[in-house]
Amino acid sequence: MNKALIEEKLGEFPLYYYDFIDPNELEFSDRIRYICQHDCPMYGKSWACPPGVGPVPECKEKCLGFENCLLISTVTEVADIANIDETLDTRHDHEKITNEVRDVLRELGEKPYILSTESCAICSRCAYLDGLPCRMPGKMHPCVESHGINIIPVLEKRGLDFQYGSNVVTWVSLLFF
């Protein structure tokens, strides 16, 4: 891994924050998955969400199979954080940046495994609902929480808040390689 070259390239993106973290630093918990199952309307509807991503122990094993993890974050201000449509619309910009960082890693010979925001929204109807394999496995990124990852301790350790104000949306992606 050429960390200096990656950092040089990262300077070209409007990232709020980035850091290389040890995958072993991540906290995996069935409590996070419980929240997905009971509070998220996408549970059971997408390959990017549980149970489609597999059980937490398998997700943990997959993530810990990588030596490196790049955490990237963007922030966006919205007029009204309670307006879920407006808030979710800002996600597309973060996903675009995540894909551009993915491309940088690929150009450097890496094969990143990416966890990002919310549920995948590439297809109008996920193949998961029809019992078919994902149509876009190279583009689809499961969400961080789908793998049972509690990202808050990692952010707190770096002095980052998840909430920066009443109308600021914070997006986080993890790129394992």
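Is R102 buried or exposed? R102 is buried, with a relative accessible area of 10% (buried means under 20%, exposed over 50%, partly exposed in between, using a 1.4 Å probe and protein chains only). Before you click on, note that this is a predicted model, where local features need pLDDT of at least 70 and side-chain atom pairs count only at pLDDT 80 or more, while totals for chains, interfaces and linings use all residues. Residues are numbered from 1 along each chain as its sequence is written, and side-chain values use heavy atoms, with hydrogens and water left out.

D103 is partly exposed, at 30% relative accessible area. As background, side chains of opposite charge can pair when their charged atoms come close. By this rule the model has 7 salt bridges.

Next, select E25 and K157. This is another salt bridge, and here the closest N and O atoms are 3.6 Å apart. K157 sits in helix α6 (residues 152–157) and E25 in the loop between β1 (17–21) and β2 (27–28), so the pair ties together parts that are 132 residues apart in sequence. Those labels come from DSSP runs, numbered from the N terminus: helices are H or I with at least four residues, strands are E with at least two. K157 is exposed, at 61% relative accessible area, while E25 is partly exposed, at 23%.

Leave E25 on and bring in R158. The side chains of R158 and E25 meet in a salt bridge too, at 2.6 Å from N to O. R158 lies in the loop between α6 and β6 (168–176) and E25 in the loop between β1 and β2, so to speak a link between distant parts of the chain, 133 residues apart.

Last stop: the cysteines. How many disulfides are there? The count is 0, with a disulfide taken as a pair of cysteine sulfur atoms within 2.5 Å. Select C126 and C134: C126 is in no disulfide, and its nearest cysteine sulfur, that of C134, is 6.3 Å away. C126 counts as buried, at 18% relative accessibility. Then try C143 and C49. The closest cysteine sulfur to that of C143 is in C49, 4.9 Å away, which is too far for a bond. C143 is buried, with a relative accessible area of 6%.

Terms used:
Salt bridge = Lys/Arg side-chain N within 4 Å of Asp/Glu carboxyl O.
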